[in-house]
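Morning, everyone. I have a few minutes on one model, so let me put it on the screen and walk through it.

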Amino acid sequence: MSFISLEKPVQEIEIYKLDKPLSYRHQDFTVLLLLDGQALIRNTYFLPEDLLLLPPGVEISIQPISQVVLAVIRLNNYLLLSSLDHFTVFSSIHDSPTNVRLKECIGSLENLIRSYRTGLVSHYYFQFIDDLMRIFPAEDHMPDEELTNSTNEQILQYIHDNLLQNISLNHAAASVHLTPQYLASFFQKKYGCTFKDYVNAQKATLCLPLLQYTSFSEEALAGLLGFHSALSMNKALQKSYGKNAKQIRNESLLPCEILPFPEENRLSNFDRYLSNAVHQAQKTESNQIANIQEYSTSYSTDFGQMPNSWRQILNIGRCANMENPQFRNQLISLQHEINFRYARIIDLFDEMTIHEINGQIFYVFEEIFQVLDLFLSLNLIPMIVLGNHYRHIGHGTGDNYLINSSENYQSYYKKLQRVLPVFIRTCHNRYGLREVSRWHFEVCYDFANRSSSRQTPWQFLTTYQKIEGIIHEYVPDCKVGGPGYQSILPLSEFEGILKNIQKEQIRFDFISFFVYGNKDLSPDSGIMPTGSILVDRARESTLLVRKYFRDKPLYMTEFGPFYNKRNFLNDSVFLACTLSWFMTTHLESVDALGYCLFSDISTEYADSRGLLFGGSGIFTYLGIRKPSYYVFHFLNQLGTQMVSTHPGLIMTSSSKFSYQLLLYHCPGLTPEATASRHCKELFESDEFVFEPLAPKQLNLSLTQMVPGRYLVKTYRLNQHSGNLLREFSKIRDVTDLAQTDIDCLQALSVPHAELESLQVKEDGVLSLSPTIQSLEVIFIQIDYNYKVEKAYELQF
């Protein structure tokens, strides 16, 4: 058997200085990064930090306008093809290899170049691949035919997950608890072929680009892809493409000879050509000031309104949470302070009971009404989510009405369409038309995992129209929307839904989507290394919606850095920094933001009734406020007028006598932290979890201030103040805490407060120079003519 060596993710990295026109072609995927000068490449002007991803066999001409310095990074074709979806990559780069979004890779690419000389390239290579995967997300190449039930879906998923193995009919059947005879019959009826032919066709799809873009032998590829032999691989290729491996290879784009750059143009020392910003960040010690940023602001009556999108949606989670008295108390406490607008709740119909009397079915909504009554008493408008997260509708005597986790979406929606008219009419009678007309219903697109969905886009829209019609028949003015699309999945599917909504003129009162920072939807999915990826994913989804619906309300109904609800980063200041960054960035781009959950009770596990367990709530199970809570608290203290926004800073005003500032400084995560499911390493060393990030000094000048004395109150949220993890690490083995212990921990978890008095003279200038450390959030309140001894401070 032939073996394939995968040890070198990067074949070569070299830097060249060019001063005359040259052509380039190679048999490897090549990244060309312009470091200095200007050049004309493919009739496009390239400037420093412009780059392109060049496929094997494609020749380009480079015409320097001035002397240019160019980095050439040749990648391992097999590893690249294994990481990226080749259909998407090739369609994107063969005609236009200068994809503008490639500039998002610049940081990881420069780190990759630096690390090449040390021989430690694997870490930065995979960071670069992660960036490419965001730009060229894999499409879902599972068959488009409708699956008759979840078992059939499991069959296809088994094949997808084990495609590189030697899959047998008997093993596949056993994995989904079917007989081999039934499975063979299913494929014959469904796809008109044998099970073996279907598997080999899927293997042939993977084989094609490896034949076109690698030099691996036929025997090596056959072993890699789980074929019995090269002969069986050739039979599969012949059946799928009408050609054998040799014929495919003869027609490939791999050149007979390469056209490299001249050896005399190669540079040995290239540090000075790399990005100054990245280079300086690596050289700066952690206790130095990385940079000084100057901001100057004058009061104006023309300031815009401070958006309130951040307080629009409060995610309650599952309706069953409301049975917990602690959960209700946390909800009441939070709502009294923040005053959210909508209470978004899932699994509402889990609390419905069903009775059968003399052969007639009766639906009882009393437990649901208790929940809705509490919402309305707290001035919360119900936002009821239908679809997506559901396991069953109701419980009671009628098993025919139960939906369990293995039941397919058709059965769920069929039963929902029987229950929904009764529910809407009953709510109409109980609360009145005017009240129910304020309610929102979000119909969510059902997805199973990263590579498959329970519905096709058209099936979702067909179901949506039925539900929307039922609701609007009884309450014409209430809001119905969706699809609650999970942006971790390929956005091409989201775009398909949006196109059909527009084309068919389907009534959507709002468009909704989710944003999470994981690589995919699996429980063990890795975390993206920086908050910028979360920000970019939200921006891409927003721009996609606005492409089709410029003025329709846009709701980001769920967002969070971690799809995994059990990661100790959720309990840390890192989440507070990331939330500050994310929410201030998207305040104006969407109409409503909804952080994923507000209480750890929503993500309770068997062993999670202790102090902390990595839940994604802003309250612990015991009701202690986490660092992420104070982000919402600080946002609530901001003024009504937006004065200024910059990266890491937002400034507001309540009047010409009062200003507020929110500052944040968020580091990236180390590769070890992104790969850690629970990130327990937080208890050992910050260096293991967070990338180094130097402190930052800001020089702030507020001009045209009213002369007089101002009181400046500063709150710091960092690793030492407002961070319960430090205390938790000392008492991790303690499970039963008295209320006095809880009260003590709550007192220890508040931000550090500082108070000073500043005089503004006749020139009307007030100057501040705060220094913000890595992993820190600062809130500054500036008010005119307050007495120090007055009870003036934020209430925690």
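When I say strand, I mean a DSSP run of E with at least two residues, and strands are numbered from the N terminus. With that in hand, look at Pro483, which is found in strand β21, residues 479-486. Its bond to Gly482 is a cis peptide bond, with omega at about 5°. Most peptide bonds are trans.

Before going further, a word on confidence. This is a predicted model. The average pLDDT for the protein is 79, and 77% of the residues score at least 70. Residues 1-7 fall below 50. That stretch makes 9 contacts in the model beyond near neighbours in sequence. Residues 275-291 are also below 50, with 25 contacts counted that way. Where pLDDT is low, the predicted coordinates should not be read in detail.

Next, backbone angles. Most residues other than glycine have a negative phi. Which phi does Asp347 have, positive or negative? Positive, at about 55°, and Asp347 is not a glycine. Asp347 sits in the loop between β13, 342-346, and β14, 353-357. Its relative accessible area is 4%, so Asp347 is buried; the cut-off for buried is under 20%.

Asn379 also has a positive phi, about 65°, and is not a glycine either. Look for Asn379 in the loop between α14, 366-377, and β16, 381-386. Asn379 has 48% relative accessibility, so it counts as partly exposed.

Now a helix pair. Take α20, residues 573-585, and α21, residues 627-637. Their axes come within 7 Å and cross at roughly 35°. The crossing is right-handed. Which residues of α20 meet α21? They are Val573, Leu575, Ala576, Leu579, Ser580, Met583 and Thr584. On the α21 side we have Pro627, Ser628, Val631, Phe632 and Leu635. By class, this contact has 9 nonpolar residues, 3 polar and no charged ones.

Last stop, His752. It lies in strand β30, residues 752-760. Leaving out residues up to four places away in sequence, His752 touches Thr714, Tyr715, Arg716 and Ser721. His752 and Ile778 are 26 residues apart in sequence, and their C-alpha atoms are 9.6 Å apart in space.

To recap the backbone points: a cis bond between Gly482 and Pro483, and a positive phi at Asp347 and at Asn379. That's my list. Over to you.

Terms used: Residues numbered from 1 in each chain as written. Predicted model: local features only at pLDDT ≥ 70, side-chain atom pairs only at ≥ 80, totals over all residues. Heavy atoms only, no water. Axes fitted to C-alpha atoms, helices over the stretch in contact; angles between N-to-C directions. Helix = DSSP H or I, 4+ residues; strand = E, 2+ residues; numbered from the N terminus. Left-handed = near helix turned anticlockwise from the far one by under 90°. Contact = heavy atoms within 4.5 Å. Nonpolar A, V, L, I, M, F, W, Y, C, P; charged D, E, K, R; others polar. pLDDT = per-residue confidence, 0-100. Buried < 20%, exposed > 50% of the residue type's maximum accessible area, 1.4 Å probe, protein only.
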